[in-house]
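Please open the structure in your viewer and keep the selection tool at hand. The tour below moves from stop to stop, saying what to select next and what is there.

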Amino acid sequence: MDDKDMMRPIKVIPDCTLGAQTGPQTIVVRQVVAESEKQKSLDIHITVPDRKPAIDQIVDVFVKDVEINSVDVITDKVIVRGEFEVKAIYVADLPQQPVHAVELKHYRWTVDIDMPGARKGMDAEATVDVEYVDYDFDQDHHKHHHHRAKKYTNYDDDDNDCDDDDDDDNNCHNHHDDCDEEDEVVRCREFDVSIVLRINAKVMADREVMLNAGTLPVTPKG
């Protein structure tokens, strides 16, 4: 080694101090605070509009366009609001028996789900499924009523002045518009639909997780 080599400075590589320089780091993690589900049973009464023919028999009833409009979080509870449409396919009570459809649009529903640990301001999301759809329609209803027909279901028979023994038909017709002189059988224009929804909701919150907070063990484990 000559004198020039002895005069050169020696470069010292320091130990790795990345953790010491940066300090503990934190990241934000989305955590599910609570999750629950609930069934919602709905009984809906549907009336066929006057512009459509009456019902002879129902072919099918189904629910479509099921949507969730809002999910609100309050203390220990989640409130879910949504809407759907009901569509019924039926055979019309006409000689040709054509097939018609009647729809009930934008039927709104609300359900509250118990959610322990939920607090206002937390994020929440929900899903909804249609579990059950059924309808109730008395197909023989118009075959069993052979006295004067009533055109609306809220009519009170106790107030009926239209007696079959009354000879004054004009007085009967003027007193109640539901007395159908033309046809003595009831034309069915109404039916009931039963629907069961299952709503699942969960509440989430952001939590900070600290990294590099601990120290490595001096000796390996085991």
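A salt bridge here is a side-chain nitrogen of Lys or Arg within 4 Å of a carboxyl oxygen of Asp or Glu. This is a predicted model, in which local features need pLDDT of at least 70 and side-chain atom pairs count only at pLDDT 80 or more, while totals for chains, interfaces and linings use all residues. Residues are numbered from 1 along each chain as its sequence is written, and side-chain values use heavy atoms, with hydrogens and water left out.

**The whole chain**

Begin with the protein chain coloured by secondary structure, where helices (H or I, at least four residues) and strands (E, at least two) are DSSP runs numbered from the N terminus. The chain has 4 helices and 6 strands, and from the N terminus its elements follow the order α-α-β-β-β-β-β-α-α-β. Of its 222 residues, 25% count as buried, a term that means under 20% relative accessible area, with exposed meaning over 50% and partly exposed in between (1.4 Å probe, protein chains only).

**Salt bridges between strands and loops**

Side chains of opposite charge can pair when their charged atoms come close.

Next, select R119 and D76, whose side chains meet in a salt bridge of 2.9 Å, N to O. Here too distant parts of the chain are linked, with R119 in the loop between β4 and β5 and D76 in the loop between β2 and β3 (77–92), 43 residues apart. Are R119 and D76 buried, partly exposed or exposed? R119 counts as partly exposed because its relative accessible area is 40%, and D76 counts as partly exposed because its value is 33%.

Then move to E125 and K202, which form a salt bridge with the closest N and O atoms 3.4 Å apart. E125 lies in strand β5 and K202 in strand β6, so this pair ties together parts that are 77 residues apart in sequence. Both ends are partly exposed, E125 with a relative accessible area of 39% and K202 at 25% relative accessibility. Elsewhere, select K38, K77, D112 and D114 together: salt bridges that share partners join these residues into one network.

**Two surface patches**

Switch to a surface view, bearing in mind that patches are made of residues with over 30% relative accessible area and no salt bridge, like charges being joined within 9 Å and nonpolar side chains (Val, Leu, Ile, Met, Phe, Trp, Tyr) within 5 Å. Accessible areas come from the Shrake-Rupley method with a 1.4 Å probe, and for residues only the protein chains shown count as cover.

Which residues make the nonpolar surface patch? Select I27, V29, V209 and L211, which together make a patch of about 270 Å². Strands β1 (25–47) and β6 (190–211) each supply at least two of the patch residues. V209 belongs to strand β6 and is partly exposed, with a relative accessible area of 35%.

For the negative surface patch, select D43, D134, D136, D138 and D192. Lys and Arg count as positive and Asp and Glu as negative, with His and the chain ends not counted; the place of a charge is taken as NZ of Lys, CZ of Arg, CG of Asp or CD of Glu. D138 lies in the loop between β5 (123–136) and α3 (141–144), and its relative accessible area of 43% makes it partly exposed.

Select D56, which is found in strand β2 (residues 55–74) and counts as buried because its relative accessibility is 18%. The D56 side chain is joined to that of Q97 by a polar contact of 3.3 Å. Such a contact is a pair of N or O atoms within 3.5 Å; within protein, one must be able to donate a hydrogen and the other to accept it, and residues adjacent in sequence count only if both atoms are side-chain atoms.

Go on to V86 in strand β3, which counts as buried at 1% relative accessibility. V86 and D65 are 21 residues apart in sequence, and their C-alpha atoms are 8.8 Å apart in space.

The last stop is R30 in strand β1, which is partly exposed with a relative accessible area of 44%. Its C-alpha atom is separated by 6.3 Å from that of R207, although R30 and R207 are 177 residues apart along the chain.
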